[in-house]
2 protein chains.
Amino acid sequence: MKGNVLVGQSGGPTAVINASLAGVFKTAKERGYNKVYGMRYGIQGFMDEQYVDLSEHIKNELDLELLKRTPSAFLGTCRYKLPEIHEDKAIYERIFELLDKLDIEVFIYIGGNDSMDTIRKLFDYSLLTGAKQKFVGCPKTIDNDLAITDHTPGFGSAAKYIATSTKEIICDAMGFSYKKKNVNIVEIMGRNAGWLTGAAALSRSEDCEGPDLIYLPELPFSIEGFVDEVKKLLEKKDVVVAVVSEGIKTAEGKYVCEYATENASTDAFGHIQMSGTAAYLAQVVKNELGCKTRAVELSTLQRAAAHLASKIDVDEAFNVGGATVKAADEGSSGVMVVIDRVSDDPYQSATGVYDVHRIANGEKVVPRKWINKEGNYVTEEFLDYVRPLIQGHYQPMMVEGLPRHLSINLKNYDWSAPRGKK
Amino acid sequence: MKGNVLVGQSGGPTAVINASLAGVFKTAKERGYNKVYGMRYGIQGFMDEQYVDLSEHIKNELDLELLKRTPSAFLGTCRYKLPEIHEDKAIYERIFELLDKLDIEVFIYIGGNDSMDTIRKLFDYSLLTGAKQKFVGCPKTIDNDLAITDHTPGFGSAAKYIATSTKEIICDAMGFSYKKKNVNIVEIMGRNAGWLTGAAALSRSEDCEGPDLIYLPELPFSIEGFVDEVKKLLEKKDVVVAVVSEGIKTAEGKYVCEYATENASTDAFGHIQMSGTAAYLAQVVKNELGCKTRAVELSTLQRAAAHLASKIDVDEAFNVGGATVKAADEGSSGVMVVIDRVSDDPYQSATGVYDVHRIANGEKVVPRKWINKEGNYVTEEFLDYVRPLIQGHYQPMMVEGLPRHLSINLKNYDWSAPRGKK
């Protein structure tokens, strides 16, 4: 009898991070592992012995399908950075003691760059001590900024949501253009990588002009230049739509949103908390050009809109989850599963494994050649890369008109509470 | 041979306002009217002789189905208030001259309160002059604030989008709660009526707790009281979700968003332009309670997210559109089509007609008895009223992974422009 599998989720969730969890669970069971434990709130919760036996939550095939359609981190997530081994050996001893106690043979961590850093450190520690566990990373991030893998599960669904919403926003704006010019600024997630922001250009199709301007964080942003571009466009057309990354910075290295807030706070990894870029630019355009402006921040829904998940993305996330268990079962450790693009047309992909040391903390940004000369749009090559990833639709399971999810939090919830019956 | 029909769209669009347009077109053709003209940008564009022959845009049944799935006002919309007849008779003479020139027998205006005001004035003028045209209003508004009609086309789809998005936002927030309390504030459209804000409570179901607090604009809002409620909740739970209307005001009659901006602008009808209520409250909570906060403004997508339209809503919008032509054809004028709820369970509705004088400018708000005693949630009766309206799904027609719409604007668009090939 094989031992147990432990799986955790970390960092910002995606619409399909739970599809990977479903893949881990299914493959672990198929390959004869005993129990599949889930860490509550990643490694941070696990160190406090917060974990569940996933079989108590995924009881049948329907639960598994619901889990694939459930947004956010089913198990809960954390933003917790392990210290270097030499800085605090006690933490590692504690973690490995727990792993042994639970008879864990395989440790899977679903996450982005910071999570792969966790896999790397735990693997390195296992080498030092000769621990039996295998450590495998399962890629996840809407930002698509992980190195080596062709793309990252979560990106395709976010891109589909962004392109669809951009199309609907443009459609809405076009209806209001009579004798009143309007400028619309849409703000998209992506701190340093413009993959999601560029995906807004997918909205350009036979029935939609697409955005007029797209600004990625890869290039310095000129507020003055932006206003000039908008002004030029307004001479030719009534509706202007610009899409900007939350992470655009001026040539001085200052985030545009900082001009608005001047006191942005930082998270545990030292990332600046973004917000208000579009609102700030809308205000500037309104002041400078005097036209009607509108700022739309797509916000949390970019990573949570499971109701619009891409089928390719859900299926790949599920497969990648399964591939992590397979890799560990076949002897790999200290690796991350990657997606290789086998063919562009028809689109085909396959999973592979890659040394996590070469992945951790390396950030993949949009190459300069996939941004136009003027720095205000993406190229056809960029779109050819993204387009296959938004194809197909995972129909939500609708109950009473709304998508049904699988929930871990409400097992003991008191429905008789003041707000009335469920 | 019958004469022609003229149809226009006015005010803020909805996800299903074009389904009503499709209904008008189809019934007009079926009932033997000659041409169906569409005003570009409502009565404002029409006065400048901006109109199209809809047969040139709706060429077959597939176009009609696409139109039903296209958000925003297909024809373009306006916010234009006709003067009283005695104030400017020349405008009326001009409009009726154009109607005669185009041999219009039926004038349909799809809109909300302000649009019904247009129908009323044109009808009154037709009585004064004995003009032959019939004037019929087709209700539309996401706000659901039209009197007499049980509910308004557009509301159900917006409610479905809001409930789904709220569910996804709650799901996302729950994943982040470990050793870090977080407060989430979701801002919903609805200036004076809380129908949409209350609809967020539909997210409360077996798999989701729903929001903790809901504040409608019908009751005065206390910023201090709100912070107290949040504080009390944070003693019992880690994640708090509050949903607020953009139009909540303090007891002094000041919009909460005004505290943030202090210089809100107004539109043509004297409505204050709203924004920033959630962002402001999030800042207050962060300052007072020191916890992590997040503000999400659902923004334009509430009225534009055709990809998540309710089937009941699309079908009713289509039927209501058809019913306007039927009413005019059978001799009615100066009326608005209304929806009567025939049965709650199973839900059934039927169309009727009602004197537009009794509808125009009367605003229907959420009755006090459908808000709980504390003023911070809606009752089960409220939910029983809304729930039938979000049922069923109109599958978008997906092309290359995105919903396809019918577009009037791109007929002569130059796709070879700098942004590259389509």
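Among contacts (heavy atoms within 4.5 Å) in chain A between residues at least 6 apart in sequence, 76% join residues at least 24 apart. The structure is a predicted model, in which local features need pLDDT of at least 70 and side-chain atom pairs count only at pLDDT 80 or more, while totals for chains, interfaces and linings use all residues. Residues are numbered from 1 along each chain as its sequence is written, chains are lettered from A and ligands numbered from 1 in the order in which they are written, and side-chain values use heavy atoms, with hydrogens and water left out.

**Confidence**
- The mean pLDDT of chain A, where pLDDT is the predictor's confidence in each residue from 0 to 100, is 92, and 93% of the residues of chain A reach 70 or more.
- Over residues 263-268 of chain A the pLDDT stays under 50, and for this stretch the model has 13 contacts beyond four places in sequence.
- For the complex, the predictor gives an ipTM of 0.93 together with a pTM of 0.94.

**The two chains**

**Overall form of chain A**
- Chain A has 13 helices and 13 strands, which are DSSP runs numbered from the N terminus, with helices (H or I) of at least four residues and strands (E) of at least two.
- For 422 residues a compact globule would have a radius of gyration near 22 Å, and the 23 Å of chain A agrees with this; the radius is taken over C-alpha atoms, and the globule rule is 2.2 Å times the number of residues to the power 0.38.
- The C-alpha trace of chain A spans about 75 × 50 × 50 Å along its principal axes.
- Buried residues (under 20% relative accessible area, with exposed over 50% and partly exposed in between, for a 1.4 Å probe and protein chains only) make up 65% of the 422 residues in chain A.

**The sheet of 4 strands, in chain A**
- An open sheet with parallel pairing has the order S7-S8-S6-S9 in chain A, where two strands pair if DSSP finds at least two bridges between them.
- Strand S7 (213-215) and strand S9 (292-297) of chain A are the edge strands, each pairing on one side only, and the twist averages 15 degrees from one strand to the next.
- Within this sheet, strand S6 (residues 182-188) and strand S8 (residues 239-245) of chain A pair in the parallel sense over 7 bridges, and Asn184(A) has Val241(A) in S8(A) as its bridge partner.
- Helix H10 (residues 277-289) of chain A packs on the sheet and touches S6, S8 and S9 of chain A, its direction making about 175 degrees with that of S9(A); axes are lines fitted to C-alpha atoms, for helices over the stretch in contact, and angles run from 0 to 180 degrees between N-to-C directions.
- Helix H8 (residues 223-236) of chain A lies across S6, S7 and S8 of chain A, running at about 170 degrees to S7(A).

**The sheet of 7 strands, in chain B**
- In chain B, 7 strands form an open sheet of mixed pairing in the order S3-S2-S1-S4-S5-S10-S11.
- Strand S3 (51-53) and strand S11 (347-355) of chain B stand at the edges with a single partner strand each, so one side of each is left without a neighbour in the sheet.
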